[in-house]
Amino acid sequence: MKFDVPTAEATRLVDEARPLLDGPVADATAQHERDSGREPGLDPDGSLAEHVRGIKRRVHRLGAEAGLYAPFVSEAMGGRGSSLRACMYLHEEVFLRGFGGQQWMLGWTDGPSPMVEEATERAAREFVGPLMRAEITTAFAQTEPEAGSDATSMSTVARRSGGDWVLTGHKHLITNAPFAEVAQVVARTEDGEYGVFLVPEDARGFSRGPIQQTIMDDGQTASLTFEDCHIPVDMVLGEPRKKFTVPMRWVNWTKARRAGMCVGLSRYCLDRALQYAQEREAFGRPIGSFEQVALGISEAYRKTWATRAACDRLLEEIDAAGPWENPDAETRANFAAIKLTAEECLLEAADVAVQVFGGLGLLKSTGLEHIYRVARNLRIPGGTAEIQRREIARSLGLLGKG
Ligand SMILES: Cc1cc2nc3c(=O)[nH]c(=O)nc-3n(C[C@H](O)[C@H](O)[C@H](O)COP(=O)(O)OP(=O)(O)OC[C@H]3O[C@@H](n4cnc5c(N)ncnc54)[C@H](O)[C@@H]3O)c2cc1C
């Protein structure tokens, strides 16, 4: 099975990423490991420790300076207008190295998304510019305690008052909520339209809740509350609309990102499992010579290769159809298929790797159980596996609404 990079555009991104990953990014994370390796990564309240946030910011900036932080963003907004298909291979290259901190060179949940294309002139200047340069981070605040999968039933409201929008509501399970300098808040207007409102951390009426500790020990998930929180009327990403199209840009981008991330991490897990299976001996033989071990690894490689091929094709179709402005049912189903397929692939690869390593696979120091926990997590945020299956069934004319 070959893992070639198929297009000139993707090859360029990968070729630019490699020297950055193996040079300045590797140097910065190694230096951080030497300086702070023995310090806990989480504070006593469960939040990400300052030294981890520091190296994260540093690596974000290295990615941004190299133009690889968010290359899918248009040139007009400070990106390169790269296709989603090409970005998949950039992401794969980065995640092939596991979770060593190098992944922070990519703008992820706390970075730019395709929603930035909707920014007003002021939002582009005050929010998108600093975000693209990785001077600030953001959070996408959509989920509420009573509105998760059923996001359009949200109760956070935005009402007009003079030259301001005034937000009232509560969000939970929000990634980077404790640290975001500006939150992208999804709210419903009094006219029943949905908008994305930019709330800076110093806005009056804005507050953050305590850390919500997750399966991943990520230290960056929390709630946000808005109590008569005023923001200028032009600090928005797009005018509020009846359709949920602007937030769906973020949601669908999250699904697309799963492709390169999951394939890269699967390959990382399986390459490690393969090497260990050839070295570790039991009953006087390498464990890879036992059929059950060999077939577990080879099956997971087969599925990784097939997932990569499928995601490549689906992203090519999505790029051709135009992913963001009112994607049709087929495009939405393609995003859903990527999310489901990539997550299932990673969950199996991580499980196989943990199993091949035996007791060592369950040690935190081996670094595989963390990937397993992340893989399990992925099947819920960004739209649960059930919601993705529903999207695909609907594109086939099944299920109807609701
Ligand atoms: C670590 C983490 C990070 C997150 N980050 C963010 C973030 O940055 N921003 C943000 O806005 N949100 C975020 N979330 C929230 C996440 O998007 C929601 O948890 C998710 O969309 C599911 O919503 P819910 O938890 O309310 O579950 P529910 O919607 O209550 O669903 C519960 C169960 O019912 C199933 N279900 C619901 N409706 C249907 C249906 N029609 N058909 C079949 N099954 C159905 C679901 O699939 C699920 O299994 C995060 C969550 C976690 C755990």
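Analyst: In this predicted model, a residue is called buried if 20 or more other C-beta atoms lie within 10 Å of its own.

User: How many of the residues in the chain meet that definition, as a percentage?

Analyst: Buried residues account for 45% of the 402 residues in the chain.

User: Why is the chain described as compact as a globular protein of its length?

Analyst: The chain contains 9 helices and 9 strands. Its radius of gyration is 21 Å, and the globule rule, 2.2 Å times the number of residues to the power 0.38, gives 21 Å for 402 residues; the two values are close, so the chain is as compact as a globular protein of that length.

User: Which span is expected for helix 3 (residues 84-95) at 1.5 Å a residue?

Analyst: The expected span is 16 Å, and helix 3, with 12 residues, reaches 16 Å from its first C-alpha to its last, which is close to that expectation.

User: Why is the shell around the ligand said to lie between two domains?

Analyst: Both domain 2 (138-232) and domain 3 (245-395) give residues to this shell, so it lies between them. Of the 21 residues around the ligand, Gln142, Gly148, Ser149, Thr384 and Glu386 come nearest.

Note on methods
Residues numbered from 1 in each chain as written. Predicted model: local features only at pLDDT ≥ 70, side-chain atom pairs only at ≥ 80, totals over all residues. Helix = DSSP H or I, 4+ residues; strand = E, 2+ residues; numbered from the N terminus. Buried ≥ 20, exposed ≤ 12 C-beta atoms within 10 Å, placed from the backbone. Expected span 1.5 Å × (residues − 1). Near = placed C-beta within 6 Å. Domains from an automatic or database assignment.
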